[in-house]
Amino acid sequence: MSAASGRRAGRIMRRVLFYFGLILILGVFVFPFFWMALNSFKTHDQITEYPPVFFFAPTLENVRNVFAQGQFVRYTWNSVVVSFGAVGLGMLLGLPAAYAIARYRQRGFAFGILVCRMIPGIAFLVPWFIVFRFLGLLDSYFGLIVAHLVITVPLITWIMIGFFEEVPIELEEAARIDGCSRAGVFLRIALPLVRPGLVSAGILALIFAWNSFLFPLILAGVETKTLPVLVYSFMTFDFLDLGGIYAASTLITLPVVVMVLAVQRHFIRGLTIGGVKG
Amino acid sequence: MLRGLAPPRTLEELEAAARRLHSPPSVFGFVSRGRRTQAPYSWSHWLFANGGSWATPDGKPAINAPAGIAATEQYVRLLRNYGDPGAADAGPAEVQTLFLQGRAAMILDAVSWAGLFSDPARSRVAGRWAATLAPPGPAGATYELWAWSLAISPFSDKQRAAWLFVQWATSKEIQRTLHLRSFPMPRTSLWNDAEWKAMAEPGFYAAALAQVQAARPIGHPPFIASPEITDVVGIAINNALSGRNIRTELDAAAGRMTEVIERTEPRR
Amino acid sequence: MARPQRLGAARPWRSPAHGLGDWMDRHIIWFFILPAAIFLLAVVAFPVVYTVWLSFFRWSGSATAPATWVGLANYADVLALDPGFRNALWVTIYFTGVSVTIEVILGVGLAQLLNREFIGKGLARTLLLLPIAGTPVALSLVWRNMYNPSSGIFVWFADLLMLPPQRWIADANMVMPLLILFDVWQWTPLIMLITLAGLVSLPNDLYEAAQIDGASPWQVFWRITIPLVRPTIVAAAMLRLMDSLKTFDQIYVTTQGGPGIASQTLNLYIFEQAFQYLNFGYASALLVVLFFVILAGNLVLVTQRRGQL
């Protein structure tokens with residue numbers, strides 16, 4: 001074998017190894033989702049069977065059960081109301097604040113938002129639970145939305161700071177010279193330019209609000225329970241409806257996965273802008 | 001699935017039977033709750049069967065008395081040697097699932113599960129299981145009583161509606177419906193009901209009736225801070241399941257128990 | 001990278017308009033901050049203050065039994081190293097320390113691996129988003145069942161590899177590594193994505209120069225790539241550290257802090273004290289202590305970062 005083809009063989013070998021490794025790694029990250037979806041179509045017996053069953057006749061029983069007895073549609077609506085409400089309100093609070101931090105260097109305020117991100121959820125829950133109970137806000141949409149602002153506002157603000165910093169200052173100065181007010185500059189120049197950022201921040205905030213479990217666990221009741229709490233409640237005290245758990249888990253993960261896939265570039269941009277900009 | 005063995009009539013016979021029937025990984029001899037928050041409930045049977053109790057009459061912990069140590073030794077031995085590998089994490093759901101699949105030879109748990117075990121739609125052992133009295137120990141027979149109660153809060157603005165609901169829920173018709181679904185109800189007449197007697201698996205009716213008449217609420221520590229004390233004892237049992245020294249664990253638990261009691265019980 | 005620029009610095013030509021509108025516009029920055037500031041005060045600062053205040057009492061949340069003042073007794077209990085607190089502190093440090101470290105190492109490695117052109121790059125990136133976006137409760141239930149000692153899929157893997165039977169999630173010694181594995185699975189993609197974004201922005205001429213000088217790939221990686229991308233890595237690590245200390249859903253659903261208290265982090269311990277035992281005062285004191293722990297952890301990383309810039 002000549003030296004050149006030896007080198008080429010080495011290169012091909014390396015490429016094969018690379019793709020093999022890649023598939024292995026991707027497989028590891030994807031497998032639990034695959035397993036979750038697969039088990040949704042098994043009967044209870046098949047799920048608890050050992051060795052685990054990979055080939056079987058699928059059934060829609062679990063999915064039917066989830067819809068039949070779980071009030072699934074009602075709780076989906078709750079999740080929608082709370083997440084979208086928290087993101088919408090979060091945008092109103094976070095966008096101007098992010099702009100102010102980006103343009104006017106409000107470092108102290110930025111630190112306040114950061115502290116907000118640091119505090120564990122449980123720290124809010126003890127006082128919130130007591131105060132909400134006193135104000136009659138337990139098991140209310142308003143209470144839950146306000147609670148979830150603690151998730152959405154820091155996230156939106158943090159991400160949007162990065163995007164606002166990218167808006168060229170010359171454009172804003174030009175507008176000011178043309179007689180535009182500062183508010184106008186924000187609304188008519190800066191905001192439209194950061195539209196991709198809005199999608200990023202919005203999607204991220206939506207997903208994390210949607211996935212939230214601890215807050216609705218304590219603050220929501222029969223009326224306003226959200227999907228993650230519903231899924232958890234399938235793990236009832238005694239009879240373990242494994243089929244129901246898997247089906248419900250798949251159903252609740254599906255919208256999130258679809259959302260992410262639809263706007264993945266924005267999702268990634270939102271995730272990375274905090275890290276890259278620092 | 002008893003392979004010619006008679007139902008155990010003492011705790012020793014229970015252990016012997018478990019040893020005979022234990023053939024992992026397809027069948028485990030004896031399964032019971034081992035999770036921290038759940039274990040004390042099941043373990044309490046051993047505690048009282050050995051003559052122990054949660055506390056002395058003047059409110060001091062008694063779980064680390066010799067009876068408590070013996071009870072823990074027996075319980076842990078059973079679960080470690082003849083139980084399923086997930087014992088330390090087992091709550092009611094896990095234990096139930098194992099029995100329903102036919103992977104547990106014996107189980108000591110709630111009477112209300114009988115209906116589930118006999119439901120062919122969800123149980124692989126429907127029609128193939130039987131029940132007997134919870135085996136007595138050296139100190140004799142003890143049976144546990146656990147009841148769900150209904151209460152109306154003085155702060156409620158729907159007290160009348162709540163009262164009407166309570167009346168409805170405890171009425172004979174509603175209780176009978178639940179009783180026939182194997183959620184035992186407190187009305188004596190129901191326990192003599194012909195239809196219910198016909199439904200019950202062999203031995204189950206006799207055992208359940210005998211137990212309920214002699215049962216006392218021994219499953220939980222008789223204190224205000226019962227959940228916290230249960231967890232404290234549960235930690236000890238769970239650590240013992242992991243192999244730690246039983247005496248040390250129970251002594252530590254008794255110490256924590258004292259601290260909780262002092263903090264939460266009203267002064268006598 | 002854009003530097004934040006001060007808008008008011010250049011003196012723009014002012015319009016001759018007067019009145020309230022003009023005054024508002026000149027001080028617009030305060031109006032921009034106001035809603036968020038109110039939010040911070042009401043929804044964040046107030047609960048924090050309330051928690052500190054409550055930590056000096058003993059209260060079960062009852063409407064009939066009032067709170068009793070106990071001064072620093074709760075703190076004394078915590079700091080006298082209440083065994084529950086001691087355990088929770090250790091578990092928290094162990095969990096966060098190990099999982100974040102592994103996530104950073106694996107994440108950076110993966111980023112380096114994927115920082116090239118290959119078929120299916122878009123697909124790979126998409127698939128790697130799934131663990132981050134999936135609902136933690138749902139994922140925890142799946143992992144809990146995968147770890148089931150009687151019928152979980154890990155039992156099957158172990159059997160295939162002819163390993164001796166384990167108790168998996170019911171084993172107090174195994175449970176922490178298992179939870180760390182779950183966390184690493186879920187969050188390594190995040191570190192990878194952030195690091196990859198940083199790698200992509202590195203200039204190519206440095207690599208070319210290094211290759212001309214005969215540097216090996218490993219040397220290039222260690223001496224050039226890593227130092228250049230270090231701020232990004234540290235930022236990602238800090239992000240992950242903050243979030244890791246807040247982990248609740250995954251552990252609560254998977255193990256409930258068990259077996260025993262082997263996986264009971266401070267978060268779970270506080271949750272238990274507050275919402276299961278109704279020791280609100282004690283839980284508040286624990287929260288104050290937890291907050292200092294978090295602050296300390298974050299300060300360590302912040303000083304790291306400042307050193308770089």
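Modeller: In this predicted model, the axes of helix 4 (residues 72-104) of chain A and helix 10 (residues 195-210) of chain A approach to within 9 Å and cross at roughly 140 degrees. Local features are taken at pLDDT of at least 70 and side-chain atom pairs at 80 or more, whereas totals for chains, interfaces and linings use all residues. Residues count from 1 along each chain as its sequence is written, while chains are lettered from A and ligands numbered from 1 in the order written.

Biologist: Why is helix 4 of chain A called oblique to helix 10 of chain A?

Modeller: Angles run from 0 to 180 degrees between N-to-C directions of axes fitted to C-alpha atoms, for helices over the stretch in contact; under 35 degrees is roughly parallel, over 145 roughly antiparallel, 65 to 115 roughly perpendicular and the rest oblique. The crossing is at roughly 140 degrees, and helix 4 of chain A is therefore oblique to helix 10 of chain A.

Biologist: Which residues of helix 4 of chain A meet helix 10 of chain A?

Modeller: S79(A), V82(A), S83(A), A86(A), V87(A), G90(A) and M91(A) meet G202(A), A205(A), L206(A), A209(A) and W210(A) of helix 10 of chain A, contact being C-beta atoms, placed from the backbone, within 7 Å. By class, this contact has eight nonpolar, four polar and no charged residues, where Ala, Val, Leu, Ile, Met, Phe, Trp, Tyr, Cys and Pro are nonpolar, Asp, Glu, Lys and Arg charged, and the others, Gly among them, polar.

Biologist: What makes helix 6 of chain A and helix 2 of chain C roughly perpendicular?

Modeller: The axes of helix 6 (residues 121-135) of chain A and helix 2 (residues 28-54) of chain C come within 9 Å and cross at roughly 80 degrees, and the two are therefore roughly perpendicular to each other. In this pair, A123(A), F124(A), V126(A), P127(A) and W128(A) meet P47(C), Y50(C) and T51(C), a contact with seven nonpolar residues, one polar and no charged.

Biologist: How many residues does each chain give to the contact of chain C with chain A?

Modeller: Chain C gives 81 residues and chain A gives 82. On the side of chain C that touches chain A, helix 2 of chain C has the largest share, 13 residues, and that side divides into 61 nonpolar, 15 polar and five charged residues.

Biologist: How do you know how the extent of chain C and of chain A stands against a compact globule?

Modeller: The radius of gyration, over C-alpha atoms, is set against 2.2 Å times the number of residues to the power 0.38. For 309 residues a compact globule would be near 19 Å, but chain C has 25 Å, and its C-alpha atoms fill a box of roughly 75 × 65 × 35 Å along the principal axes.

Key: Helix = DSSP H or I, 4+ residues; strand = E, 2+ residues; numbered from the N terminus. Contact = placed C-beta atoms within 7 Å.
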